[in-house]
Amino acid sequence: KHAAEVVTAINATLAEARTELADPQVVLDTKSRLRYLFASQLDSSDGIGSVLAAYVQHARTPETINELYETYDSLTSEDIRRYANEFFVDSGRVTVSLSNSETMAGVDGKASIDALVAAAEQNASTARGAGAAGAGPTGDGNPDQALKAADVGDSTAGSPGGRAPTGEAVPVSIVAQPSDTSPLVDVAILVHAGAAMDPEGKKGLAALTAAMLTEGGSTTHTIEQINDAMYPIAADFTAQVDKEMTRLSGQVHKDNLDAWYSLVREQLLTPGWREQDFTRVRTQLVNAIRTGLVGNNDEELAKELLYSEIYGAGHPYASLNLGDVSDLQSMTIEDLKRFYQEHYTVNNITVGLAGGYPDSFAGRIGDDLQALPAGRRAKLDVPPAPQVKGNRALIVAKETPAVAVSLGFPIDLKRGDPDWIALWLARSWLGEHRSTNSHLFQRIREVRGMNYGDYAYIEYFPRGMFQFEPDTNLARQQQLFQIWIRPLRSNNDAHFATRVAVHELQKLIDNGMSETDFEETRSFLAKFVSLLTDGQSRQLGYALDSRYYGIDAFADYARAGLSRLTLEDVNRVIRENLRVEDVQYVFVTRDAEDLQQRLVDDAPSPIRYDSEKPETLLAEDEQIATVPLNLEPHAVRIVPAEKVFQ
């Protein structure tokens, strides 16, 4: 319903670039931002190689980078307007809109930018003709309103907002990874509270509180002022909320550490709690659920519903981290303040520091955090997942061009347990994320050409469509084993691909891994762990997680565990932890009733190919096409997409 407004705003912005001169200070800030953004990409071996390759390809020399930034430095507001008039024109524009409807009101791709520019120029000419003699000074508000990072002082005396520490200082838990050579500084404030602490009727409270801290400004500065100050230094302050921990973090060039931290300290210790920010942030979270997740991301939707279905109502892990729409809409700022006061305490925070920060910085943070209550470390008692006998399926009815599949069940192992490394290896062989060598990928995509991805997980792995490695600081007391398969072009293909996964999983349980597969996977993981922990930010994240799980540095922990493993260990752990019964399935499809009938009937799902396949594969397909999923009618539910997480 907002599509026409968005199109109008885009066209107006392009017209503005053609008719108005950019503020010279904004141009300078943008040049600064580009430089610091470039520096921020040099955080890992992969980042450095990727950045260099992007430039060296042009003239086979890294000098291209210097030439580019010299060009940036030479550009003026007039240059920007001149090039905008050359490129932002109707004759060079293609507009594409994507909708479930054949038409959208106010969106036809024909609105003219050139006409907007002509109208603006005519209005400007008329205004000039009318004359402005005797007019007072122009401007757009308080000249002191804009805040620049360079203006933020290094106010190290006392606490922000004039609050002095009270009582005896409480030691702050700090994980420190200093580097004399790194130009970047990573800071992570890990709060040991998350969505699992959301009270009934307040699902999303942890996420909304964290969003208000990072996106709602402080008592001293609005979020607009803070964003303006962060812009030229290419820095930010972001939140990630999971079940048991919330991470507030940012990375900044060491040149700008004082300016960045002065702003972040305000946001953390003296939040603004403005009503207009609360309304905006809450609306963003609601839209993230309705549009970002349910509307636009079948992969994540199926994964998140798998967790909800397995844990069930009342379990602290059952609710979506973002919350429920109705709960979010009923919350007040007072709810957020209470959550903040209860959980954002010195004893409930671990600070992570990495990079080229000065020796005094850790002490500075420790002193500043004394403005918070001492509190206590939150302890969450997580009950086991409910035991359910028999396979179950949830089918999400949604207007979507493909079918998404997730299936899984709870496991008792978590990182640090004696058998975790063995299951981690088996999972990697079966379905390493984004690995073309993993077994499911080979059997479903490579051999049969059915879809894009087929992966397996034993730890929570959100946002997989955007990345190759899992995020850190998602540590949990309990995990799931899950398999993800998508996209499939039809219900029949989804049924068949699910049967392939179950078939291959059963073979793994019955036969175990071979010696060759075991050795190759162990060798792969011993090297792959370097990629998982590549870069300063990821190393800090893994260090914080290792403290949570009580293990050594992850790379050392993983390699030591792999070196001790035997094939017998792995196959025993497979038999003890994996299964094809008591499995939860989640499907996202357009024709839910058709898929429901197929599953209940255990109907054959013969696969058709567009090219010739070996006879051995076709013979295997005939067998797989009737593999039973054993789903009773009462165990297969349909829910409309618009009803989930509401």
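**Reading a predicted model**

Author: Let us begin with a single residue. Lys 613 has a relative accessibility of 22% and therefore counts as partly exposed, since buried means under 20% and exposed means over 50%. Please keep in mind that this is a predicted model.

Reader: Where in the chain is Lys 613 found?

Author: Lys 613 belongs to the loop that runs between α22 (592–601) and α23 (615–624).

Reader: Which residues is Lys 613 in contact with, leaving aside its neighbours within four places in sequence?

Author: The contacts of Lys 613 beyond those neighbours are Val 447, Arg 448 and Leu 618. With Val 447 there is also a polar approach: a polar atom of the Lys 613 side chain lies 3.1 Å from the backbone oxygen of Val 447.

Reader: Is Gln 479 buried or exposed, and why?

Author: Gln 479 counts as buried because its relative accessibility is 1%. This residue is placed in strand β9 (residues 479–488). Its side chain reaches the backbone nitrogen of Tyr 460 at 3.0 Å. Not counting residues up to four places away in sequence, Gln 479 touches several others, among them Tyr 307, Tyr 311, Pro 410, Leu 474 and Tyr 549.

Reader: What does Leu 369 contact, leaving aside its neighbours within four places in sequence?

Author: Leu 369 is in contact with Val 172, Leu 268, Leu 269, Val 346, Ile 349 and Val 351.

Reader: What is the volume of the largest pocket, and which residues lie nearest its centre?

Author: The volume of the largest pocket is about 1400 Å³. Its lining consists of 36 residues, with Leu 98, Asn 100, Thr 291, Gly 295 and Asn 296 nearest the centre. Two or more lining residues come from each of α1 (3–19), α10 (275–295) and α11 (298–311). The largest share of this lining, six residues, is given by α10.

Reader: How many cavities of 30 Å³ or more does a search of the whole structure find?

Author: The search finds four such cavities. The largest cavity has a volume of about 320 Å³. Of the 26 residues that line the largest cavity, Arg 415, Trp 424, Glu 459, Phe 461 and Pro 470 lie nearest its centre. At least two lining residues each are supplied by α15 (420–431), β8 (453–457), α18 (515–532) and α19 (536–549).

Reader: How should one treat the confidence values of the model?

Author: Where pLDDT is low, the predicted coordinates should not be read in detail. In this chain the mean pLDDT is 93, and 94% of the residues reach 70 or more. Residues 133–145, however, have a pLDDT below 50, and this stretch has two contacts in the model beyond near neighbours in sequence. Over residues 154–165 the pLDDT also stays under 50, and the model has 21 contacts for them beyond four places in sequence.

Definitions and conventions:
Residues numbered from 1 in each chain as written. Predicted model: local features only at pLDDT ≥ 70, side-chain atom pairs only at ≥ 80, totals over all residues. Heavy atoms only, no water. Helix = DSSP H or I, 4+ residues; strand = E, 2+ residues; numbered from the N terminus. Buried < 20%, exposed > 50% of the residue type's maximum accessible area, 1.4 Å probe, protein only. Contact = heavy atoms within 4.5 Å. Polar contact = N/O pair within 3.5 Å; in protein donor to acceptor, adjacent residues only side chain to side chain. pLDDT = per-residue confidence, 0-100. 1 Å grid on protein atoms, 1.4 Å probe; cavity = no way out; pocket = protein on both sides within 12 Å on 5 of 7 lines; lining within 4 Å. Points joined across faces, edges and corners; volume = space filled by probe spheres on them.
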